[in-house]
Structure formats: C-alpha cells, structure tokens
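Here is a colleague's note for someone opening this structure for the first time. Please keep the model on screen while reading the numbered points.

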Amino acid sequence: MKPWFPLLALLALVGCETPTKPAATAANLTPEQVLAWAKLDQTLVRPRGLVVAQADGRASLGEYVTLMNGEEAKRFLRKHGYAQTLRTVAVRRTASTIEVDVEIAGRDGQKTILTLYADGHKQGIG
C-alpha cells in the first residue's frame, strides 16, 4: 500500500474545506453600510438603469441591497429626477434582515421615501 493512501482516505472522510469568512448578519449591519452598498448617487441619477421586476415591483441596487418600492421610485425619478439623499428616516431590524427608509429629493424639490432591504448576502445567493 502506498504511504499517501491512508492520508487520502482520511481527507476524503474529514474533508479539506478551508475556513471562510462568515457573511455579515443583519445584527451587524448598519444603515450607513446599506446606503454604501446601494450606491444611490450612482444608481438613481440614471433611472433608465433601474430595472424593476414586474412580479413584485422591486429592484436591485448593487449586489447586496433590494429597493422594495422600486416601481414607485422609478415613477418618481422619471417625473422629478434625483438631486440628493436627504436623511435616514427609519431603520427596522429582524434577526436576519435590515430595512432602511431613506428620504430623497428630486431636482424640483419634491421628496419621497425609498425602502432599502439587505440581509448581508449577495442578491440571488443564500
């Protein structure tokens, strides 16, 4: 028997998985982190690039954040444009998610609230 065969059998039983960094949990997420992931200034300036799902009216903002009221936001952006993010209005947490309500202003001064949702995982994964 070859000397490496028992080692190979042991690795097959135990596995040789490398430790990975755990995903950020909602308990560790901050509203500032969610806003940074959403990249609002880059995304909302061009509302044509905001792709809204027809089934639920949601849109992805970056890899980690979902815009819950995407259809409403797209209508607002078409009508009023995007000038700036004003403030964080509310933060709601569960054990596995965080929702952040953010007030934005259009170029004409009109305001609306966007609801951002994140769970610390990339969209479509986990």
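1. Start with helix α4. In this predicted model, the buried residues of α4 are Gly70, Ala73, Lys74, Phe76, Leu77 and His80. They lie on the same side of α4, because they cover an arc of only 160° around the axis. The general rule behind such a pattern is simple: an α-helix has 3.6 residues a turn, so residues three or four places apart point the same way.

2. Now the other face of α4. Arg78 and Lys79 are exposed, and they sit on the face turned away from the buried side. Just after the helix comes Gly81, with a positive phi of about 75°.

3. What do the buried residues of α4 pack against? They pack against β1, β2, β4 and β5. These strands belong to an open sheet of 5 strands, in the order β1-β2-β5-β4-β3, with antiparallel pairing. β1 and β3 stand at the edges with a single partner strand each, so one side of each has no neighbour in the sheet. From one strand to the next, the twist averages 30°. The direction of α4 makes about 145° with that of β5.

4. Look next at the pairing of individual strands. β3 and β4 are antiparallel and share 8 bridges. They form a hairpin, with 4 residues between them. Across this pair, Arg92 stands opposite Glu99 in β4. β4 also runs antiparallel to β5, again joined by 8 bridges. There, Val102 stands opposite Leu114 in β5.

5. The largest nonpolar core has 23 residues. Which of them touch the most other members? They are Leu40, Leu61, Val65, Leu67, Ile104 and Leu116. At least two core residues come from each of α2 (31–38), β1 (59–61), β2 (65–67), α4, β4 and β5. β4 gives the most, with 4 residues. As a general background, nonpolar side chains in soluble globular proteins tend to be buried together.

6. Leaving out residues up to four places away in sequence, Leu40 touches Leu35, Val45, Leu61, Tyr82, Thr85, Val102, Leu114 and Leu116.

7. Is Thr112 buried or exposed? Thr112 is buried, at a relative accessible area of 12%. Neighbours within four places in sequence aside, Thr112 is in contact with Glu72, Phe76, Val102, Glu103 and Ile104. One of these, Phe76, is a buried residue of α4.

8. Turn to the charged pairs. How many salt bridges does the count come to? The count comes to 6. One of them lies within α4 (residues 70–80): Glu71 and Arg75. Their closest N and O atoms are 4.0 Å apart. The two residues are 4 residues apart in the helix, about one helical turn. Glu71 is partly exposed, at 37% relative accessibility.

9. Another salt bridge joins the side chains of Arg87 and Glu103, at 2.8 Å from N to O. Arg87 lies in β3 (residues 84–93) and Glu103 in β4 (residues 98–105), so the pair ties together parts that are 16 residues apart in sequence. Arg87 is partly exposed, with 47% relative accessibility. Glu103 is buried, with a relative accessible area of 11%. Glu103 is also one of the contacts of Thr112.

10. Finally, Arg92. Arg92 forms a salt bridge with Asp101, and the closest N and O atoms are 2.8 Å apart. Arg92 is partly exposed at 36% relative accessible area, whereas Asp101 is buried at 11%. Salt bridges with shared partners join Arg92, Glu99 and Asp101 into one network. Within the strand pairing, Glu99 in β4 is the residue opposite Arg92.

Key
Residues numbered from 1 in each chain as written. Predicted model: local features only at pLDDT ≥ 70, side-chain atom pairs only at ≥ 80, totals over all residues. Heavy atoms only, no water. Buried < 20%, exposed > 50% of the residue type's maximum accessible area, 1.4 Å probe, protein only. Contact = heavy atoms within 4.5 Å. Core = buried A, V, L, I, M, F, W, Y, C linked by side-chain atoms within 4.5 Å. Pairing = 2+ DSSP bridges. Axes fitted to C-alpha atoms, helices over the stretch in contact; angles between N-to-C directions. Arc of directions from axis to C-beta.
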